[in-house]
Structure formats: C-alpha cells, structure tokens
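Trainee: I would like to request a close look at a single part of this model, followed by its wider setting.

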Amino acid sequence: MAQKPVDILAVGLQKQYGDIRALQGIDLSVTHGERFGLIGPDGAGKTTLIRVLCGLIRQDKGTFQVAGLDGMRSIRTIKSILGYMPQKFSLYPDLTVGENLRFFADLFHVIGAQRQSREERLLHFSRLGPFWKRRAGALSGGMKQKLALSCALIHTPAILILDEPTTGVDPVSRREFWEILRELSDRDGTTILVSTPYMDEATRCHRVGFMNEGRLLATDTPDNLIHGYPYRVIQVHGENLFPFRKALETIPGVRSVCALGEYLRVSTEKTDAVVHAIGDRLTHAGATGFRIRTVAPLLEDMFVNLLESGRVS
Amino acid sequence: MRVIMHLIRKEFLQIMKDKPMLGIIFIMPLVQLFVLGYAITTDIKDVAISILDQDQTPESRAVIASVMQSGRFVAVPVESRIQDIRRSLFNGHAQLALVIPPGFARDLIAGLPADIQLIIDGVDSNTALVGSGYARSSILQYAATLSPVLLPGNVRVRALYNPELESTFGIIPGIIALLLTIVTMMLTALGLVREREIGTLEQLNVTPIRPIQLVIGKILPFAILGGLMFALSLAVAMAWFRIPMRGSVFTLTVMAAIYLLTTLGLGIFISTATSTQQQAIFLAWFILVMSILMSGFMFPISNMPEALQMITYLIPLRYFITALRDILLKGATLADLSFQWEALLILGGSIFIFSILNFRKQV
C-alpha cells in the first residue's frame, strides 16, 4: 500500500473543549481505497476527530490534508469531494426519500442522465426503491441509515467519512450496510474512514486505529493487532463457574478473569504451568465437570489490554 | 445563485407539506385583523351616566339634553341624592356622573361662572377620560349656544385624515405591521433552529454551500410568504374596514422591504442565540412583547417616561407602524418618511449584518 497516495493525513491534531482535551495530538494517515476503522470507548474523541476532518469544527493545533488539499485553506474544495454521514440521522424527516436524495443531488449539481444513473445505483444497493415516496421520518432505523448513506454518496465522493453509522441498527441491516461499504472501497476505490463501537465491524476494516482519551493508541491491521497480543486466552466451560472467578485471579501468571455467561474467559502468561494451575485450583475449590481450552484472542482482548496498560503507565 | 434556488425550492416543498402551518400563516392574520380590529378600539360608546339635577331649571335641563343628544351616553336612573350618585359609580352601574348643583341657572343668567360637576370612575381610566371628554364637549356646545363669542365653546376640533376619529384607522395598520413582524421573524428563527436541531444544518455544512447562500436560501421563502400575507391583510383592511390607501404601492413596497431586513435579521439573530425551538420561541416572544408595548402601537410613546422613550428608538416596529399609518392615511411619500426609512435602514442593516456574521461564525 506504500505506493498508493495518502487520502487523509492528520499531523498533531489537538482540540480542547474547556478542560476536556478531546484530541491530544492525533497523527493519522489513510491511504487511497482503504477502509479505516476508528474504534474506542465513548468519549475517546472519535467524533471530534471526524468533525475536524470534515471542516465542521476547527482544531486548536496541528494540520490535516484531505486528498492532498490543505484542511485550512481548501476546505470548500475538500467538502465537494468528501461524503459525510453523521451519527445522528440528519435529513429532512418531512421530505420523502426521493425528495431528500434529489435535494442533495441538486446541491452537488448532479443532474440529468448522471443523476438518473446514480439514483438507480444507490436505490439498487440500498433497496430503498419501493420507498421512494415515503417520508424519511417514517423509515425504520436501518433504512434511515441507508438513505443517509445514499445522500452522502450522491456526488460519488472519493472519500467517505462515517461516524458510527450502524449504532442502533439491527444486526441484519448492519451486515448489509457493511457489505455496501466493502463494495465501495474494494470495487470503486472509495477511501473510507469509519468510526464504530463494535469490534466485529472493526475486523471488517483494512486497518484499525484504537482511540482513547484523545489519543490514537495503536494503528494496524486487525490480524497484526491480534497477533501482537502478548498473552494467551483460555476459556473454562462448565456449569456454575461464576463463584470461582475470584479464586482464579490470585494464581500467578493470570492477567484477568472475565465471566461471560456459560464460561470464564481468562488471559494468562504464555506458559503451560498457568493452565495446569488453573485446573488444579478449580478442582481444589470444588468445581466439577469443567473443560479448559485455548482460544484465539480477539481484537477486544487487545484493546482491553491496551486500555489497561495505558492506565498503568 | 443555482444553489440558492435549490434551497428555496426545498423550503417551499417543506412549507407546502406542512398544511397546518400554512393555514396558520394565512388564516391567523385574518382572524387577528377581524377580532382585534373590532376588539381593540378606543372609541367609547354607550357610557353609563347617572345624572343628578339639583337645579331643576330650563337651563339645567338644556345642559342634560345637550349631553344626552351626543348619543354617547346611556342614562342610569338615580334618586335625587348625591349618595345615590356615589353608589351608582361604586356599583359600576355608571362610569360617569353629571351633577348640576343648585343655583346653576341663577349664576349663568347673572354672568357668573356656573359650576357643573363631572365625576368619573377612575378605575377604568381610559373609558372614564374619553367619556368625560365627550361630556365636556357637549356641555361646551351648549354653552356656545348661549354666548358664541365669549365662551370657549366655539373652539372646534377637526380631526384631519380621520374625521370620525375612528380608532380602527390607527389600530389596523398597527396590527398589520405586527403580523408581518411575527410571521417573518418567527418563521426565520424557527426554520433555522429546526435545521440545527435535526442536524441538517451540519449536513449542509459538509456540502460546498457558503453560509451566505444558506441564509439567503432560507430567508427568501419566508420574505415571500410574509409579503403575500402583508398584501392579503392590506386588502382585507381596505375592503372590509374601509381603510383608505392614499399613498403609492411603490412607497409601501419599499418601506416593507426595508422593514423585512430587520425582521429577517432578528430571526437569524434569534437562531444564533438559541439552540432549540423552545428557546427560540421564548426569545421571539420577548422581542415581540417589547415591540408591541414600546412601539407606540398600544401606548402613546409621548406618555412614556423620557428614559424609556429613548428605548423606543431601538424598536424597529415603531418606525414601520408610523410609516404604514402615514402611507395609508396621509398618502406620505418616501421623502416624507425619510426619518423612518433612514432609521430602519440603519437599525435593520446593522441587525442583519451582525446576525449574518454571527451565523457564519457558528457554521
């Protein structure tokens, strides 16, 4: 990817709201055609970063470029090649699906045959065709998001920025939505910067940036991030294991214990001795009929670890 | 320009869909014109008057006849004691009492000052004062018949432009000016705040639209609606209330256009100072109430304390009401109204420019 141009470049972005340091020096680069996922807990600064990059708010310090254009000087040109979809549904609820789409087509001066072909394509992938005459306010959550995406795509932006587009959307619509995003970047070469609170969505990105407290803590492909996880993850399956949670935490080499419904999820040092110690401790404490198996770490494990090591240092 | 046209089209699309709102915009003015045109009147009719004639002479009876002939009064029967007069005023049976003391005719014939007492119920001071004014002029008229040269009875009042002193002539232009203020200021403020509330303002901000295009595309439809409503109200005022239109349509249009600058500017200002429609409504009402009370529409500016009179110079409605009345009733031209349009242009221009700069800073 090194030879591809950088579409979004941020250098040392800082933004402060009163005492809250929303961005504490963000360096970020997203290359052409890349799907880049921003993840992090609420209040990490994801929305602030996105709003700065779209020119909706001005950063206190640092610079950014979009498609090679300076974010301060060429913001109007940037806006014409950028598609933005905010977290909250922001179209006219009293206008119909068609009227909303046409309005944004008009604003970007998409007219004639060009408009027709784009409308057809957007309606095809969003499956909003049958709802052309329905008021936008009367659409379901998932359809609203697809309409918002369609409006953001009407001018075929080279760069698409989405702020938690699937929050509050049902799982089926979420999967469809991500299928659309995948097609946009893989087939059309659209650069996508998307923030999400869902780890499973993050794994659908080429690269992921993990944000916390206004900082970008780690940036890499999901696979590399997972491989970089320094511990082993084991799961203990069995009935009524919850009371034994505390007993496991005191074993040397156990990093954390997490009770998840039917099983305990334990992250440990990478030694077999620890696994044996866990079995011994459980038997000693009176647990019966349990199974221990080693599983692959998840992106989530990596981020919990990043959060915790950040807190220690 | 192309972008502005699209914004205007979108706005009308939304306005046309909002049928109840459309009804409010066009029916509210008519209802207000009819109801307020009749309700707000400073003309006094059928004032209850109790009369005590302690003189009982042809002269005293002539005075009473003269007062009653004016047609403004309804006599309330009273006993022949002064206490009855007091009671009738206290009970509210009468708003005004006329007492002719004994010896009235004697003094009159002797050429001495002859006393007549008018007692008014000061609780409703407006009715009482106007009523006593009518009674006085009737008495003076009677006095004039006695000695046309010497008595002040030959002072005649002739009301220019409004010979019958119909208060509707003054009130209706005031209502129309007020309606234009309400419609354009409220719609602009709420329209912009609504876009902010639902987030479309932000969505428009990531398009290459300039803030100035956005503002113009947003306020022009409301200016057009306000103009239509203004014309409709004027038509009703002329056809139904017989308000004369002595000035030119050109003067009227120019003055209205200048005035719109202030109302639309105030609308934009309200939208920048508030973040929800509720807040916007409260701020708009504050401005409206100040305008209604301080513009001279309800209370004469000359009656206000001097310090407060200074404030009235900051109320745009003040100038527009004067201008509208003068155009309709006096046939005033732009040259006659130079103070009004200059004041409005300065006031409105600064409100408008300040609001737009403020708006640009926010988006």
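Which residue in β8(A) is the bridge partner of Arg35(A)?

Mentor: The bridge partner of Arg35(A) in β8(A) is Ile192(A). This is a predicted model, in which local features need pLDDT of at least 70 and side-chain atom pairs count only at pLDDT 80 or more, while totals for chains, interfaces and linings use all residues; side-chain values use heavy atoms, without hydrogens and water. Residues are numbered from 1 along each chain as its sequence is written, and chains are lettered from A and ligands numbered from 1 in the order in which they are written.

Strands β3 (residues 35–39) and β8 (residues 191–196) of chain A pair in the parallel sense over five bridges. Helices (H or I, at least four residues) and strands (E, at least two) are DSSP runs numbered from the N terminus, and two strands pair if DSSP finds at least two bridges between them. Helix α6 (residues 171–188) of chain A packs on the sheet and touches β3, β6, β7 and β8 of chain A, its direction making about 135° with that of β3(A). Contact means heavy atoms within 4.5 Å; axes are lines fitted to C-alpha atoms, for helices over the stretch in contact, and angles run from 0 to 180 degrees between N-to-C directions.

The sheet itself is open and mixed in pairing, with six strands of chain A in the order β6-β7-β8-β3-β9-β10. Its edge strands, β6 (82–85) and β10 (215–220) of chain A, each pair on one side only. On average, neighbouring strands of this sheet are turned by 15° against each other, direction ignored.

Chain A also meets chain B, in a contact that takes 24 residues from chain A and 24 residues from chain B. The two chains bury about 2,400 Å² between them, 58% of it on carbon and sulfur atoms; buried area is the accessible area (1.4 Å probe) that two parts lose on being put together, summed over both. Arg76(A), Tyr92(A) and Leu107(A) supply 26% of the area that chain A buries against chain B, more than any other three residues.

Between chain A and chain B there are four salt bridges, each a side-chain nitrogen of Lys or Arg within 4 Å of a carboxyl oxygen of Asp or Glu. The side chains of Asp106(A) and Arg9(B) meet in a salt bridge at 3.2 Å, N to O. Helices α2 (75–81) and α3 (97–107) of chain A each supply at least two residues of the side of chain A that touches chain B, and α3(A) gives the most, with five residues.
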